[in-house]
Amino acid sequence: MRIVVCIKQVPDSAEVRINPETNTLIRDGVPTIINPYDVHALEAGLQIREKTGGKVTVLTMGPPQAETALREALAMGADEAVLLTDRTFAGSDTWATAYTLSKAIEHIGADVILCGKQAIDGDTAQVGPEIAEFMDIPHISYIRKIVDVSIDRLVVQRLMDDGFDVIESSPPVLLTVVRELNVPRMPSLKGKMAAKKAEIKKMSAADIKADENDLGLKGSPTQVRNIFAPEAKTDRKMLEGTAEEKIDTLVKELVGLKCI
Amino acid sequence: MYIKVNKDLCSGCEACLQSCPYDAIVMKDGKAEITELCQLCRACLSVCPEGAISEVKEAADLKETDQGKGVWVFAEQRDGKIAGVSLELLGAGKGLAEKLGTELAAVLFGGTADDAQELIRWGAEKVFHCNDPLLSTFNDEPYASLLSKLIVEQKPEIVLTGATPIGRSFFPRVAARLRAGLTADCTSLEIDNETKNLLQIRPAFGGNIMATIFCPHARPQMATVRPRVMKKGEYDASRKGEVVAVSAKGITSRTRVVETVKEIAETAINLQDANVIVAGGRGMGGDKGFQLLRELAEVLGASVAASRAAVDEGWIPYRHQVGQTGKTVGPKLYIACGISGAVQHLVGMQSSDIIIAINKNPEAPIFRVATYGIVGDVHEIVPLLTKKIKDLKG
């Protein structure tokens with residue numbers, strides 16, 4: 001089985017702070033990690049390989065620094081790592097990102113493609129299904145259990161708001177996974193050593209034969225118009241006094257509003 | 001379009017560096033330079049004291065777009081029940097359609113003739129209805145194929161759906177196929193007066209800041225919208241509209257839904273219907289802290305919820321999570337305890353009628369949305385509040 005796992009390097013905390021005076025993001029000193037959902041996707045890929053044999057390739061698109069994330073994935077047990085990096089990829093929205101990744105996956109070759117449900121920085125959950133559409137293969141989102149997987153049959157459970165759906169398909173297929181699917185393994189010491197020395201394969205826009213009109217900012221249908229801090233409420237009351245006094249005032253107010 | 005620094009005007013003050021959320025400005029030979037990381041957000045334009053930063057339009061920006069016509073709402077049904085968010089979108093869609101001077105239509109896959117009429121009563125002027133059994137249960141490929149086909153035929157300018165597991169899974173396929181822009185998890189939609197573009201507002205950067213997204217050229221403009229952030233329209237039992245039958249001929253699927261299993265997660269349902277919610281964040285410190293919240297919830301008859309930070313710490317299961325990646329709630333009373341108030345959390349609860357924030361940090365952003373703010377230690381304040389209410393109720 002040829003398994004490709006798409007990962008994204010994200011800031012460690014989803015709670016990057018804002019400087020309230022300048023309304024800008026404070027990103028200094030925030031370390032990067034593999035998007036947590038993608039770690040579950042990688043674990044799923046490794047488990048499928050253990051069952052069916054084959055190869056696990058981790059793929060990411062990003063700046064050269066994204067190599068760190070790929071080495072972490074190699075340390076967990078991935079067989080090879082591919083970094084899609086090119087100045088023309090910069091500014092990609094989900095459409096252009098998915099197009100670029102799909103071109104790379106076509107180049108690598110895949111029977112099962114795994115992605116995290118969404119990335120914790122963008123939270124869009126769009127890139128996975130879009131890759132499947134570009135490759136003209138089916139996708140199944142929010143996988144919470146892989147019941148059966150082989151080269152000609154796949155049965156999975158898809159998490160929904162009110163329960164789950166059991167879905168049957170067959171490779172080639174793309175799956176996006178949720179956290180309850182598995183418990184990711186820790187990288188072994190041997191894995192870490194090997195990952196340090198491993199070669200990271202680099203691919204550019206030319207390598208994947210992508211159409212430059214579909215890449216980066218140019219290929220992105222959506223644009224950011226502006227960004228702003230959320231508005232503050234104007235009618236708020238900050239309660240003063242000792243803890244006892246604050247609670248007294250609060251309870252009185254709530255009784256007045258018929259909340260209690 | 002791109003952003004340019006006029007090097008003759010740039011004084012090298014570096015004011016723009018801080019303003020850029022994408023780290024896309026660097027200093028080179030004492031002058032600012034925009035790198036390829038630029039996302040055209042324009043944040044730097046206004047901060048430059050020398051007026052050295054400007055946007056440069058290119059030929060492609062001036063190109064005419066075939067706008068299309070009509071605002072569409074994909075009406076999601078599961079087990080024959082129309083999702084609440086679909087009705088909310090009919091309310092919001094009506095406003096957009098009026099501003100654009102166009103019609104509001106709904107698209108319904110599966111469901112009955114009466115469901116289609118119900119959508120009209122909730123505000124749709126037209127309903128595209130396909131009642132083929134292939135579409136009665138949600139399945140990505142046939143849903144994406146048929147909706148794409150309809151959009152290509154009818155050319156609506158805006159297509160909306162709820163940011164539910166269903167909408168978030170198959171809308172991306174449609175957008176990819178049609179080369180359309182799609183914005184996820186919007187909390188507000190507006191029409192730009194000048195360009196008539198749809199302005200799609202959503203939390204960005206893990207929810208710490210809001211971003212306005214738009215699609216300058218691509219059509220249709222697509223968005224998924226968070227449940228419970230828009231208001232339902234007016235229900236009019238006598239409203240009449242047109243139902244257009246849609247055939248699923250030629251639509252196939254490579255995935256098969258074998259079974260749908262219901263797991264009634266009581267708390268999840270309780271949360272969205274709850275009148276009073278007591279929520280805890282990282283400031284609760286652990287299981288013991290959440291025990292204090294449960295005691296307060298008990299005397300109030302409230303449900304217990306949590307921020308992502310508390311869920312990530314493992315203090316409480318995911319189904320209690322409120323926020324961008326959890327549930328959106330709108331109770332009469334929301335008591336936020338030890339929650340700092342990242343936008344990620346705020347978007348899930350700020351439509352609550354009354355918000356009480358308890359936090360030891362007076363600068364915590366949660367106070368920005370609070371009706372009542374108490375600066376103090378949750379471990380002291382919460383038990384006091386519990387006791388006071390208990391005494392009151394005798």
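**Domains, sheet and backbone**

Analyst: This is a predicted model. To begin with chain B, the C-alpha centres of domain 2 of chain B and domain 3 of chain B lie 32 Å apart.

User: Into which domains is chain B divided?

Analyst: Chain B has domain 1 (2-62), domain 2 (71-245) and domain 3 (266-393).

User: How many residues of domain 2 of chain B are in contact with domain 3 of chain B?

Analyst: The contact involves 12 residues of domain 2 of chain B and eight residues of domain 3 of chain B. On the domain 2 side, five of the residues are nonpolar, four are polar and three are charged.

User: Turning to the sheet, what is the order of the 10 strands?

Analyst: The order is β13(A)-β7(A)-β6(A)-β1(A)-β8(A)-β12(A)-β9(A)-β10(A)-β11(A)-β17(B), in an open sheet with mixed pairing. The edge strands are β13 (201-203) of chain A and β17 (256-262) of chain B, each of which pairs on one side only. From one strand to the next, the twist averages 30°.

User: How many bridges join β1 of chain A to β8(A)?

Analyst: Three bridges join them, and the two strands run parallel. A:Ile3 has A:Val112 in β8(A) as its bridge partner. Helix α3 (residues 94-108) of chain A packs on the sheet, where it touches β1, β6 (55-61), β7 (80-84), β8 and β13 of chain A. The direction of helix α3 makes about 150° with that of β6(A).

User: Next, the backbone. Which peptide bond of chain A is cis, with omega near 0°?

Analyst: That is the bond from A:Pro171 to A:Pro172. A:Pro172 lies in the loop between β11 (163-169) and β12 (173-177) of chain A. In chain B, the bond from B:Arg219 to B:Pro220 is cis, with omega near -5°, and B:Pro220 is placed in the loop between β14 (209-214) and β15 (221-225).

User: Is A:Asp123 buried or exposed?

Analyst: A:Asp123 counts as buried because it has 24 C-beta neighbours inside 10 Å, and the cut-off for buried is 20 or more.

User: And what about A:Asp136, buried or exposed?

Analyst: A:Asp136 is exposed, with 10 other C-beta atoms within 10 Å. Its phi is also positive, near 55°, and A:Asp136 lies in the loop between α4 and β9 (139-150) of chain A.

Terms used
Residues are numbered from 1 along each chain as its sequence is written. Chains are lettered from A and ligands numbered from 1 in the order in which they are written. This is a predicted model: local features need pLDDT of at least 70, side-chain atom pairs count only at pLDDT 80 or more; totals for chains, interfaces and linings use all residues. Domain bounds come from an automatic or database domain assignment. Two residues are in contact if their C-beta atoms, placed from the backbone, lie within 7 Å. Ala, Val, Leu, Ile, Met, Phe, Trp, Tyr, Cys and Pro count as nonpolar, Asp, Glu, Lys and Arg as charged, and the others, Gly among them, as polar. Helices (H or I, at least four residues) and strands (E, at least two) are DSSP runs, numbered from the N terminus. A residue is buried if 20 or more other C-beta atoms lie within 10 Å of its own, exposed if 12 or fewer, and partly exposed in between; C-beta atoms are placed from the backbone. Two strands pair if DSSP finds at least two bridges between them. Axes are lines fitted to C-alpha atoms, for helices over the stretch in contact, and angles run from 0 to 180 degrees between N-to-C directions.
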